[in-house]
Amino acid sequence: MGSPIPPVPADGDWVARYAARAEARNAEARARIVPLGRGEQPWPLRIAIGLALVFSLGTLVLMVAGVKVDHRSPSASWILYVVVMFACAVGMWKHWFQAVLAFMCLLAIALVILSALLLRFSNLLGLIVPLVLITLGGTLFWKLVGVLGRIQMPQRPSPSAKG
């Protein structure tokens, strides 16, 4: 079958071994991360920037066109949404960590709302559309996690700088 699991030492030595193994794995993962280059725009970041621009400009066009929701005119929350989305687009273009993180938070909120919509679907389209959007949005969210790590990554010193 396999070797039996060794007993856990009572003195807490296993905690130190686990921490050392975890730190070694973390160091190996950090060594593989390449910082985002100046002007480099990976595809998940380009898609996120495009979505933020489309949502902000689309909402602005709807406001100017006088579209009403539930027979009410757009409120200050629409203006706030336009400003936040446009700020996210500009910030992501400039590789600002906080802008990518803010967009990811908004994306996560949208994914939760789409998941809640699945509880009330009444036809096949009401099932398929949220599932497709959740799949695409979840994939974008996961890919942005990697981009966020590359943005956060400090520049490595050049080999000649090591003494």
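How much space lies in the largest pocket? The volume is about 430 Å³, taken as the space filled by probe spheres set on grid points joined across faces, edges and corners. A pocket here is an open set of points on a 1 Å grid over the protein atoms alone, where a 1.4 Å probe fits, with protein on both sides within 12 Å along at least five of seven lines. The model is predicted: local features need pLDDT of at least 70, side-chain atom pairs count only at pLDDT 80 or more, and totals for chains, interfaces and linings use all residues. Residues are numbered from 1 along each chain as its sequence is written, and side-chain values use heavy atoms, without hydrogens and water.

The largest pocket is lined by 19 residues (an atom within 4 Å of a point). Leu-51, Phe-55, Leu-107, Ala-110 and Gly-137 lie nearest its centre. Helix 4 supplies the largest share of the lining, eight residues. Helices are DSSP runs (H or I, at least four residues), numbered from the N terminus.

The sulfurs of Cys-88 and Cys-105 are 9.2 Å apart, too far for a bond. A disulfide needs a pair of cysteine sulfur atoms within 2.5 Å, and the count comes to zero. Cys-88 is buried at 4% relative accessibility (under 20%).

Trp-43 lies in helix 2. Its relative accessible area is 44%, hence partly exposed.

Note on methods
Helix = DSSP H or I, 4+ residues; strand = E, 2+ residues; numbered from the N terminus. Buried < 20%, exposed > 50% of the residue type's maximum accessible area, 1.4 Å probe, protein only.
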